[in-house]
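Thanks for coming. Please have a look at the model first.

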Amino acid sequence: MTHRDDDRTAVLFDMDGLLVDSEPLWLGAETAVMARLGADWTAEDQVQLLGGSLDRTVRYLMGKARRPVLPGQVADWLMSGVVELVRDHGVPLRPGARELLAEVAAAGLPHALVTSSERRFMDVVLARTGLRFDALVCADDVSVTKPDPEPYLLAAKLLGADPARCFALEDSPNGVASAEAAGCRVIAVPSLVPIEPAPGRTVVRSLLDPSPVRGVSPSACARETT
């Protein structure tokens, strides 16, 4: 078990919409599933599910379906479709993602991936992008996903860090709520839905923003969390 060090600062990264531009892939996969279910799917529908779990997505899809299908079948269609898209075509990184991860690693900061996606999707994204983390937390690792704090609490525990000394980077309101409920400082990089600044939360336009995202360092983090 990892020993906890209250002085240790860590950086926690969301995946979809923050590090990788996977939302168009999800839109394509969801549209294909809804065609099999006899209903349309729009970008507005996708926004309703931003940062949510597979279970929530399946429930939403079935709520619009015009043909009776078991939830497990819908989940398999969706996951198989999006995994195949990433495996065959890859997934683009968001601007600045690779560079920021390299800077965090070079600074010696422990860093984890915290995603609401299923393990098989997370694994194929990591395999195609080559991104590496000290710890991984996905939907399969927790009893409840974002906006519950459990994913971020687990990530901090795996890194041996106090959540209050963790910086969480998120693009969705669900993810921001999860990280803040866990006690993390949040850097929000909105993708499809606006996010407002708040105490303990900084909003930036992209991972290329010079402050505070690219200013994350051991000394800077120590100043921010005291």
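Which side chain meets Asp-45 in a salt bridge? The partner is Lys-64, at 3.6 Å from N to O. A salt bridge here is a side-chain nitrogen of Lys or Arg within 4 Å of a carboxyl oxygen of Asp or Glu.

Before I go on, the ground rules. This is a predicted model, where local features need pLDDT of at least 70 and side-chain atom pairs count only at pLDDT 80 or more, while totals for chains, interfaces and linings use all residues. Residues are numbered from 1 along each chain as its sequence is written, and side-chain values use heavy atoms, with hydrogens and water left out.

Asp-45 sits in helix H2 (residues 43-48) and Lys-64 in helix H3, so the contact ties together parts that are 19 residues apart in sequence. Helices are DSSP runs of H or I with at least four residues, strands are runs of E with at least two, and both are numbered from the N terminus. As for exposure, buried means under 20% relative accessible area, exposed means over 50%, and partly exposed is in between, with a 1.4 Å probe and protein chains only. Asp-45, at 8%, counts as buried, whereas Lys-64, at 31%, is partly exposed.

The second pair is Arg-119 with Asp-141, whose side chains form a salt bridge at 2.3 Å, N to O. This one links distant parts of the chain, 22 residues apart: Arg-119 is in helix H6 (residues 119-129), and Asp-141 is in the loop between strand S3 (135-137) and helix H7 (150-159). Arg-119 is partly exposed at 34% relative accessibility, and Asp-141 is partly exposed at 31%.

Glu-180 belongs to helix H8 (residues 173-181) and Arg-201 to strand S6 (residues 201-203), so parts 21 residues apart in sequence are tied together. Glu-180 is partly exposed at 27%, while Arg-201 is buried at 19%.

There is also a network of salt bridges, which links Asp-14, Lys-146 and Glu-170. The count for the model comes to eight salt bridges.

On a 1 Å grid over the protein atoms alone, a cavity is a set of points where a 1.4 Å probe fits but cannot get out; a pocket is an open set with protein on both sides within 12 Å along at least five of seven lines; lining residues have an atom within 4 Å of a point. Grid points are joined across faces, edges and corners, and a volume is the space filled by probe spheres set on the points.

How many cavities of 30 Å³ or more does the structure hold? There is one. The largest cavity has about 290 Å³ of space. Its lining is made of 22 residues, with Asp-16, Trp-26, Leu-49, Gly-51 and Gly-52 nearest the centre. H1 supplies the largest share of that lining, three residues.

The largest pocket has about 220 Å³ of space. It is lined by 14 residues, and those nearest its centre are Ser-53, Leu-54, Asp-55, Val-144 and Thr-145. H3 gives the most to this lining, with three residues.
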